[in-house]
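Here are a few exercises to work through with the model open in your viewer. Try each task before you read its solution.

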Amino acid sequence: MSLHDMNPTIKFVTMTIIMFGLALFYNPWTPLVIIVGSLTIQLLATDVSWKKWSLFLIPFLVTALGTFWTTLVFGKELGGETWVTLLGQDISKEEARVATSLSLRVLAFTVLSLLFMLTTDSKRFVMSLMQQARLSPTIAYSALVGFRFLPLMQREMYQLQYAHRLRGVPLDTKWERIRHVPKLLLPLLAGSIRRAERVAFSMEARGFTSGKRTVYERIDVKPSDYIWSGIFFTLFSLSIWIGI
């Protein structure tokens, strides 16, 4: 039973509820249990690349460390017995607890978000929103087109760079490629506008402006989806119980 197969809408609603609930607790144990539990699920029930996961985590890890430091140094003084002295400023145990709680909460939000993002196919997510959440087909297919535009724009950027290389433009080093990006933006933007216009005419010709639509690919809600929701809510309940 893989987390990748879980219904995207059920998964999104489940994790959103947990995140909103997590914001109501100010102890460090609740987010810590969520982090450990989410990583355990990711290890046992997904095939997520840990290298890719680590690269996505780096900026949020820096944010969590920054939150911890700024809360300690610039946060409101809560009083109490001094626990440690940093840069001539006394830090109490209560202040350290609040700083730890806030930084762990940032990491808990990040771990849950990455777990959803890396185990959910964007196409299945949009199709599920259309079928289970009654999202308008016009909005759903427009979002799918937007998702497809990103790799197409990246490929067109490479093609423009190759064309400029054939014309003798030096693009061998990373700095030369970065410096040359502004010259590629205008043809890239023009191509994107033409492609968007063709897609808009195509969607209108296929009746995306009105009427009820049928779907070729069904995204059903299975019993395993409720089992996964139960696992996540059990983890959240356990984190609350440990944090009390």
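A charge counts as over a ring if NZ of Lys or CZ of Arg is within 6 Å of the ring centre and within 35 degrees of the ring normal. This is a predicted model, so local features need pLDDT of at least 70, side-chain atom pairs count only at pLDDT 80 or more, and totals for chains, interfaces and linings use all residues. Residues are numbered from 1 along each chain as its sequence is written, and side-chain values use heavy atoms, with hydrogens and water left out.

**Exercise 1.** Find the residue that lies over the face of Tyr26.

**Exercise 2.** Check whether the span of helix H3 agrees with its number of residues.

Solution. 
- Helices (H or I, at least four residues) and strands (E, at least two) are DSSP runs, numbered from the N terminus.
- The expected span is 1.5 Å times one less than the number of residues.
- H3 covers residues 50-74, so its 25 residues should span 36 Å.
- The end C-alpha atoms are 34 Å apart, which agrees.
- Now for the bend, meaning the angle between axes fitted to the seven residues ending at a residue and the seven starting there. H3 bends by about 40 degrees at Ile58, and Pro59 follows within four residues.

**Exercise 3.** Classify the ring pair Phe25 and Phe236, then do likewise for Trp50 and Trp53.

Solution. 
- Rings of Phe, Tyr and Trp (its six-membered ring) pair if their centres lie within 6.5 Å; planes under 30 degrees apart are stacked, over 60 edge-to-face, the rest tilted.
- The whole structure has 6 such pairs.
- For Phe25 and Phe236, the centres are 6.3 Å apart and the planes sit at 80 degrees, so this pair is edge-to-face.
- Phe25 is in the loop between H1 (8-22) and H2 (29-45), Phe236 is in H8 (residues 223-243), and the two are 211 residues apart.
- Trp50 and Trp53 are edge-to-face too, with 5.3 Å between centres and 70 degrees between planes.
- These two are 3 residues apart in H3, so about one helical turn separates them.

**Exercise 4.** Are Trp50 and Trp53 buried or partly exposed?

Solution. 
- Buried means under 20% relative accessible area, exposed over 50%, partly exposed in between (1.4 Å probe, protein chains only).
- Trp50, at 35%, is partly exposed.
- Trp53, at 9%, is buried.
- Other buried residues of H3 include Leu57, Ala64 and Leu72.
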